[in-house]
There are 2 protein chains.
Amino acid sequence: MSAFGYKVLATDGAARRGRLTTAHGDVETPAFMPVGTAATVKAMMPDSVAATGAHILLGNTYHLMLRPGAERIAELGGLHRFMDWSGPILTDSGGFQVMSLSKLRKLDETGVTFRSHIDGSAHHLTPERSMEIQKLLDADVTMAFDECTPFPAELDVAKASMRLSMRWAERSKVAFVPRPGYGLFGIVQGSVFPDLRLESASALTSIGFDGYAIGGLAVGEGQDAMFETLDVTTPALPQTHPRYLMGVGKPLDIVGAVQRGVDMFDCVMPTRSGRTAQAFTHRGTLNLRNARHADDPRPLDAACDCPACTRFSRAYLHHLIRCEEILGAMLLTWHNLRFYQMLMARLRAAIETGTLDETAAAIAVELAMGDIPPRG
Amino acid sequence: MSAFGYKVLATDGAARRGRLTTAHGDVETPAFMPVGTAATVKAMMPDSVAATGAHILLGNTYHLMLRPGAERIAELGGLHRFMDWSGPILTDSGGFQVMSLSKLRKLDETGVTFRSHIDGSAHHLTPERSMEIQKLLDADVTMAFDECTPFPAELDVAKASMRLSMRWAERSKVAFVPRPGYGLFGIVQGSVFPDLRLESASALTSIGFDGYAIGGLAVGEGQDAMFETLDVTTPALPQTHPRYLMGVGKPLDIVGAVQRGVDMFDCVMPTRSGRTAQAFTHRGTLNLRNARHADDPRPLDAACDCPACTRFSRAYLHHLIRCEEILGAMLLTWHNLRFYQMLMARLRAAIETGTLDETAAAIAVELAMGDIPPRG
């Protein structure tokens with residue numbers, strides 16, 4: 001079993017082209033992790049997810065602890081075997097979803113008491129239990145248990161929340177059982193307050209983690225505030241360790257974050273959009289439900305090599321969506337995930353050749369072009 | 001382009017092992033046709049449908065004429081290209097679904113006037129228009145336009161309905177434009193009345209078709225009445241032509257019909273069941289929603305080679321269904337279609353070796369065995 005580790009292979013400004021090594025294989029970074037909430041990337045076969053170019057998936061502790069249960073997954077051989085994904089898996093800590101999805105939650109120093117949004121059952125999630133659950137799931141990357149600070153937050157609230165997360169990070173580190181090939185990431189909090197972000201980064205670095213995540217962004221603060229926060233935060237994190245921007249994001253959010261030294265991303269956007277007729281293309285987003293696609297024989301995105309684009313017309317995709325056919329969600333999800341992976345491959349290649357800024361500018365221009373009219 | 005045709009390769013009693021040749025390839029018979037109602041076999045990629053062993057699909061004239069429209073599909077290159085299925089396609093005539101799905105329908109000698117169940121738009125479907133639509137769709141096998149006699153029906157009603165269908169069959173034959181590799185099937189009606197079935201078979205044989213379907217069964221008459229009707233009908237059809245039992249059915253319905261000389265089948269059962277947690281296995285049907293599967297590490301069907309059975313546990317499939325995950329429908333549909341195709345392959349092999357009756361008896365015993373208990 002390889003040791004867990006991260007290696008910088010090339011840099012371009014603040015951006016890094018790297019490789020994360022885990023118990024279940026390597027991840028080329030910058031990397032986008034498709035979200036497999038309930039032990040499935042929605043509407044995708046696992047081998048199709050791999051075919052999009054994904055190296056690593058994200059699983060949700062909150063969802064999996066409630067259904068089917070972490071002990072059950074462990075009994076069945078762990079999350080990789082359960083969902084037939086042989087590559088690396090990162091699990092979140094449960095903190096974010098407890099706050100956004102559960103009912104009757106009560107937070108104190110020990111952790112969070114809440115009721116399941118599914119069946120109302122009572123649960124207590126602590127740093128120690130979160131570590132235990134993620135070990136039961138057999139996550140290659142375990143995330144420290146944190147409170148995702150609501151946005152917007154007053155300075156005092158954000159400070160108290162961040163400091164609680166830092167105490168929980170320390171408890172997470174103590175509770176995490178090291179194993180070769182498995183790593184633990186701390187999560188920087190502090191809302192949009194630079195001093196808090198620096199204090200958080202410093203606290204986590206002192207504890208010492210295998211990687212550092214930036215949490216509490218993409219919660220409504222806007223791209224400018226997100227980038228400003230990254231400008232403050234990433235330089236305060238060790239150059240030697242991977243950096244993960246949680247829950248981000250739109251293609252240009254990812255591009256800007258890579259330019260600011262972020263290595264890993266996850267977001268439900270490509271998968272959720274795929275189930276709501278939204279497609280990402282090299283010339284911006286399209287709503288396939290729109291009647292203007294009904295007679296359009298062209299591929300969804302001529303620059304894409306996925307099955308949705310190489311085997312079918314926009315007219316067909318539109319038809320599937322109008323008929324609420326499952327295949328519509330399957331094809332658009334596949335395309336969107338492939339679009340994201342092509343974006344990451346392009347960013348990795350640009351860093352290797354020292355052309356990231358030009359590439360980022362070109363991507364921004366392309367995405368703003370808008371669709372070519374059907375009979376153009 | 002090969003001529004349309006059917007060849008008997010082997011027989012075993014009344015059963016035939018044959019080969020149907022069409023413009024888009026051959027079909028080994030007895031064959032099961034997955035239903036691709038709205039230009040998609042629900043929850044399946046076309047290459048996955050092919051991977052189950054299907055040689056030919058069924059498309060629905062009624063659904064496709066309403067959405068996206070036959071002229072639109074023709075403009076986009078025909079149904080094969082539209083849905084990325086390069087093999088043969090059989091389309092029904094629209095008659096059955098007009099009667100079961102449309103609103104405010106009015107039937108007269110010319111055809112059926114009805115309103116769409118989707119948007120209330122008015123349509124008039126006649127033998128001539130049905131032939132035109134099926135040509136626009138580019139169906140390899142076109143079905144004559146008929147009235148599916150309701151069940152139960154009094155003798156007089158069934159007779160009048162059957163005779164109308166025979167007049168429509170004649171008009172269908174006149175309107176059908178022969179092309180190399182494309183064929184037209186007539187449909188025997190007559191409810192469960194032997195004399196009417198014989199009259200219908202005789203009328204159709206006189207007109208002359210490329211194949212003969214048996215319609216109006218699997219509508220509530222029960223397996224005994226279905227088999228009795230087949231016992232009367234198939235001997236009255238030409239030995240030289242393919243026979244298609246429409247809308248059938250359960251595995252043992254198919255086995256019994258093959259023993260009675262039927263070559264082709266279609267049914268929504270494997271696909272619809274796949275979306276409602278029902279799985280066909282070699283030891284009978286299972287409901288994967290049942291809590292007893294929650295911890296079961298075994299494959300759904302140890303005798304099956306599909307992805308659902310080789311890559312996942314019953315516990316995982318149960319989890320997907322409980323979470324209403326699309327992948328649950330995808331995997332169970334795949335499995336059920338594969339189960340049906342394995343059944344057909346087994347029947348074909350049995351006819352070739354002259355062991356159909358023993359095989360049929362063995363299948364009946366297996367299916368009645370019931371599931372092996374989880375810790376048995």
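Modeller: Helices (H or I, at least four residues) and strands (E, at least two) are DSSP runs, numbered from the N terminus. This is a predicted model, in which local features need pLDDT of at least 70, side-chain atom pairs count only at pLDDT 80 or more, and totals for chains, interfaces and linings use all residues. Residues are numbered from 1 along each chain as its sequence is written, while chains are lettered from A and ligands numbered from 1 in the order in which they are written.

Biologist: In which helix does A:Val174 lie?

Modeller: A:Val174 belongs to helix α7 of chain A, residues 155-175.

Biologist: What makes A:Val174 buried or exposed?

Modeller: A residue is buried if 20 or more other C-beta atoms, placed from the backbone, lie within 10 Å of its own, exposed if 12 or fewer, and partly exposed in between. A:Val174 has 11 other C-beta atoms within 10 Å, and is therefore exposed.

Biologist: Why do β7 and β9 of chain A stand at the edges of the sheet?

Modeller: Three strands of chain A form an open sheet in the order β7-β8-β9, with antiparallel pairing. β7 (103-108) and β9 (122-125) of chain A each have a single partner strand, so one side of each lacks a neighbour in the sheet.

Biologist: How do you know that β8 and β9 of chain A pair?

Modeller: Two strands pair if DSSP finds at least two bridges between them. Four bridges join β8 (residues 111-115) of chain A to β9(A), and these strands run antiparallel. A:Val112 stands opposite A:Leu125 in β9(A).
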